[in-house]
Amino acid sequence: MQTQILILGAGPAGYTAALYSALAGFKTTLLMGPMPGGQLILTHKVENFPGFMDISGPDLTDIFHEQAEQAGVRLVYETADQADVRSSPFRVHTTIGTVFQSKALIIATGATARWLHLPGEDKLIGHGVSVCATCDGIFHKGKPVAVIGSGNTAAYEALFLAQLCSLVYLIYPGETPVFDGIISEKIIKNQKIKTLSQTEVSAFVGEKRLEALIIYNKVSGQQETLSVSGAFEAVGQVPNTQLFINQLNIDINGYLVTDCETQMTSVPGVFACGDVQAPRFRQAIIAAGSGCRAALSAKHFLMQP
Ligand SMILES: Cc1cc2nc3c(=O)[nH]c(=O)nc-3n(C[C@H](O)[C@H](O)[C@H](O)COP(=O)(O)OP(=O)(O)OC[C@H]3O[C@@H](n4cnc5c(N)ncnc54)[C@H](O)[C@@H]3O)c2cc1C
């Protein structure tokens, strides 16, 4: 199936790229993938997307969807399982056997947050259990929360939450965390952060909202209940770049490497936007902005003589 611009992924990055591409008059196809709407569908409240003071993630993505549809984007409920960007036109094969060909390809497959997969977690995601302090920290203003993780991301999340919350427990399984030196100092000096080393979370407790964590101290062997209003898991993200390994430049953490002006990857005509190429800041507005840039760059690329 031929299309002028093929976009993989229907999160804020993919929808924005699709909207700009279709409004510029290009035949645009958007593959929705395994999670139409992207990560935002996991959150019941988005307060930091300009233009929307108080909206749920699913409602916001419904608007993205409707706007893309009205602009004439072809929305296809399929998932790519193979891609070949070694020669043009680029070829993408889906799990049900459709083959798409295009001269410009925009990769917006996002990233998948790692979850701990503990008892009680599934039903409390979006109700106190989160993977994004920037997004959900505000809901716990003045209350105690926990951050689970031992890397720099966990440390930054804890420092951010300490500005809002009454107390932040920073829970990690090792004897010492692996924070960079300067962050370590800030954590130690911050009186609102209490580190719980050699400690593991074994369950999330709460009916409608998170109320507590069951934690286990590996040294004393003791189990206790820790009352918290929120728990932020900071145990890593996996960028969805598997289809492009050995074809595009990928950094050591698995993110696609792009030019920051054009969103171009290491192959001309192939662009990437959103979390799939964002090792540092992962927010919907940033994803949308980079989707816009990718579509404008794809347009320029296709219009070259
Ligand atoms: C719980 C939670 C709450 C959040 N809250 C906020 C918030 O309040 N404000 C904020 O700004 N940010 C928030 N974020 C972050 C924000 O959701 C992400 O930064 C943003 O969604 C990234 O957009 P994206 O389009 O790059 O990727 P994603 O949203 O990850 O979308 C990726 C898309 O790619 C598709 N895809 C994946 N693989 C394939 C494939 N093989 N073929 C085709 N398609 C594929 C998926 O189906 C999906 O549609 C939150 C994140 C989480 C997890």
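I take two strands as paired if DSSP finds at least two bridges between them. The model I am reading is a predicted one.

**Strands 10 and 11**

With that criterion I looked up strand 10 (residues 144-148) and strand 11 (residues 167-171): five bridges join them, and the two run parallel. Within this pair, I found Ala 146 opposite Tyr 169 of strand 11. I also checked burial along strand 10 and noted that four of its five residues are buried, so the strand is mostly covered.

I next traced an open sheet of five strands, whose order is 3-2-1-7-18 and whose pairing is parallel. Its edges are strand 3 (74-76) and strand 18; each has a single partner strand, so one side of each lacks a neighbour in the sheet. On average, I find neighbouring strands here turned by 20° against each other, direction ignored. For strand 1 and strand 2 (residues 28-31) I recorded four bridges in the parallel sense. Ile 7 is the residue that stands opposite Leu 30 in strand 2. I then noted that helix 7 packs on this sheet and touches strand 1, strand 7 and strand 18. The direction of helix 7 makes about 165° with that of strand 7.

**Helix 7**

I tested the length of helix 7 (residues 284-303): at 1.5 Å a residue its 20 residues should span 28 Å, and the end C-alpha atoms lie 29 Å apart, which agrees. I listed the buried residues of this helix, among them Ala 284, Ala 287, Ala 288, Gly 291, Ala 294, Ala 295 and Ala 298. Arg 293 is also one of the buried residues. As cover for the buried residues of helix 7, I noted strand 1 (5-8), helix 1 (12-23), strand 7 (104-107) and strand 18 (270-272), among others.

**The ligand shell**

I counted 41 residues around the ligand, the closest being Gly 11, Gly 33, Gly 38, Gly 110 and Gly 274. Helix 1, strand 8 (111-113) and helix 7 are the elements that each give two or more residues to this shell. By class, I recorded 24 nonpolar, 15 polar and two charged residues in the shell.

Lastly I looked up an open sheet of three strands, ordered 13-14-15 with antiparallel pairing. Strand 13 (199-205) and strand 15 (223-227) are its edge strands, each pairing on one side only. The twist from one strand to the next averages 30°. Strand 13 is joined to strand 14 (residues 212-217) by six bridges, and Val 201 has Ile 215 of strand 14 as its bridge partner.

Note on methods
Residues are numbered from 1 along each chain as its sequence is written. This is a predicted model: local features need pLDDT of at least 70, side-chain atom pairs count only at pLDDT 80 or more; totals for chains, interfaces and linings use all residues. The expected span of a helix is 1.5 Å times one less than its number of residues. A residue is buried if 20 or more other C-beta atoms lie within 10 Å of its own, exposed if 12 or fewer, and partly exposed in between; C-beta atoms are placed from the backbone. Two residues are in contact if their C-beta atoms, placed from the backbone, lie within 7 Å. Axes are lines fitted to C-alpha atoms, for helices over the stretch in contact, and angles run from 0 to 180 degrees between N-to-C directions. A residue is near a molecule or strand if its C-beta atom, placed from the backbone, lies within 6 Å of it. Ala, Val, Leu, Ile, Met, Phe, Trp, Tyr, Cys and Pro count as nonpolar, Asp, Glu, Lys and Arg as charged, and the others, Gly among them, as polar.
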